[in-house]
Amino acid sequence: MVSGSVGTGTALGAVLLSLVAVPAQAASGVPGGSGAGRVTSVAAAGSGAPDDAGLRSVLQSALAQGAPGAMVRVDDAGTVHQLSEGVADRATGRAITTADRFRVGSVTKSFSAVVLLQLVDEGRLDLDTSVNTYLPGLLPDNRITVRHVMSHRSGLYDYTNDMFAQTVPGFESVRNKVFSYQDLVRLSLKHALTNAPGAAYSYSNTNFVVAGMLIEKLTGNPVATEYQNRVFGPLGLTDTSYVHPGTAIAGTHANGYLTPDAAGAALVDSTAQTVSWAQSAGAIISSTRDLNTFFSALMAGKLMSAAQLAQMQQWTTVSSTQGYGLGLRRRDLSCGVSVYGHTGTVQGYYTYAFTSKDGKRSVTSLANTSNNAAVLTTMAGTLESAFCGKSSKATRRAPAPAATPGERYEDIAPGVARD
């Protein structure tokens, strides 16, 4: 069963805490037909209103490339665009919808970074102090600072390279396993640093494992408590949770389907897992609505001081069109607009969650598969259609680049590009 839906309506309430759309108005009676509605503000982002037809084309392409389902939600200064194609559950055939919860993978890193920067605001953490000052003896080089960890410039080896060298066997070996933070750091430290501290950007999940350790050491609370008290609760993120080491996603949710390495092999339902191998680097569960609310609030300055938000946006170059700050990505789109947020990959789920500079237009898209480079690249087109409008080049995007050595592994980072 494959279905599609789209809705565009006027929100009732403030964008930050109450993104409630009126019922969708369809331009035709056909599921997946073009949505009709009034866009109240487009000046803040892109060259026009979000392109619903372009968004739908991206989702349909993702299905053609192997994703069971795909969806996108755009919150645009009070107007909501919602589109979905395909299924949330291959066994029952239930259609995927933007109300479904899902595992957000590395988008978790932005939540962890927010907590750490709030601790900086509180005078409990200094970005340029050695991690070993707070966690004595943890790391092999006293020159590794908190800033290096948060910007992926520590040189700490990414233990997931070894863990998921074989995608499905690697996943099944950790699906129900519970690690301590120290266990994961030890796996990283079996390898030498990949570069001198501060010398280069090198994406590593180990960095945000260390971030979780810092949060727990400085607050005396589990990261789950700090996420809830500092972010989930204040923003009213009722679909968002951190259940580690529980394996279930509460409420209505999209199942995740992991693509095996062997061409043509059956997809593996990867929904139930501890995500203990990621924790503060990738174990949050959320929804399109909640992620849009979160990133909108972040860029609008609602979660930390202006000084710390500026620190978060001190960019290290990743590529000609991307930068990485402190747990935050910047992507430069074809229409000249830059957007801010994070990507996420966890077995069975690809997420893009980004917002405009002022937080007034936000988009979250999801495909419920992973280890599929074509789908990962295609879903980036939702950003083009959402922020660039009909000028988008999303339908003319180049094929996914071939993986380079050490970059193909299935983890919570985008496994192909590691960006």
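In these legends, helices and strands are DSSP runs numbered from the N terminus, a helix having at least four residues and a strand at least two. The model shown in every view is a predicted one.

**Figure 1. Asn255 in the loop between helix 9 and strand 5.** Asn255 belongs to the loop that runs from helix 9 (223–235) to strand 5 (257–258). With a relative accessibility of 11%, Asn255 counts as buried, because the limit for that class is under 20% relative accessible area. The side chain of Asn255 is joined to the side chain of Asp269 by a polar contact of 3.2 Å. Once neighbours within four places in sequence are left aside, the residues in contact with Asn255 are Ala88, Asp89, Asp269, Thr271, Tyr349 and Asn368.

Figure 2. Strand 2 (residues 69–76) pairs with strand 13 in the antiparallel sense over seven bridges, and Asp76 has Arg361 of strand 13 as its bridge partner. Strand 12 (residues 349–355) also pairs with strand 13 in the antiparallel sense, here over six bridges, and Tyr350 has Ala367 of strand 13 as its bridge partner. Strand 12 and strand 13 form a hairpin with five residues between the strands, and in this hairpin Gly359 takes a positive phi near 75°.

**Figure 3. Gln313 in the loop between helix 11 and strand 8.** Gln313 lies in the loop that links helix 11 (306–312) to strand 8 (316–319). The relative accessible area of Gln313 is 12%, and this residue is therefore buried. When residues up to four places away in sequence are not counted, Gln313 touches Met299, Leu328, Tyr340 and Lys357.

**Figure 4. The crossing of helix 2 and helix 9.** The axes of helix 2 (residues 108–121) and helix 9 come within 10 Å of each other and cross at roughly 90°, so the two helices are roughly perpendicular. On the side of helix 2, the contact is made by Thr108, Phe111, Ser112, Val114, Val115, Gln118 and Leu119, while helix 9 contributes Glu226, Tyr227, Arg230, Val231 and Phe232. Sorted by class, the residues of this contact are seven nonpolar, three polar and two charged.

**Figure 5. Helix 13 packed against helix 1.** Helix 1 (residues 52–64) and helix 13 (residues 381–388) pack at an angle of about 175°, and their axes are 8 Å apart. This angle makes helix 1 roughly antiparallel to helix 13. Gly54, Leu55, Val58 and Leu59 of helix 1 form the contact together with Gly381, Thr382, Ser385 and Ala386 of helix 13, and by class these residues are four nonpolar, four polar and no charged. Eight of the eight residues of helix 13 are buried, so this helix is largely enclosed by the rest of the structure. Just after helix 13, Gly389 takes a positive phi of about 70°.

**Figure 6. The whole chain, as context for the close-up views.** The chain holds 13 helices and 14 strands. It has 419 residues, of which 60% count as buried. Among the contacts in the chain between residues at least 6 apart in sequence, 70% join residues that are at least 24 apart.

Terms used:
Residues numbered from 1 in each chain as written. Predicted model: local features only at pLDDT ≥ 70, side-chain atom pairs only at ≥ 80, totals over all residues. Heavy atoms only, no water. Pairing = 2+ DSSP bridges. Buried < 20%, exposed > 50% of the residue type's maximum accessible area, 1.4 Å probe, protein only. Polar contact = N/O pair within 3.5 Å; in protein donor to acceptor, adjacent residues only side chain to side chain. Contact = heavy atoms within 4.5 Å. Axes fitted to C-alpha atoms, helices over the stretch in contact; angles between N-to-C directions. Parallel < 35°, antiparallel > 145°, perpendicular 65-115°, else oblique. Nonpolar A, V, L, I, M, F, W, Y, C, P; charged D, E, K, R; others polar.
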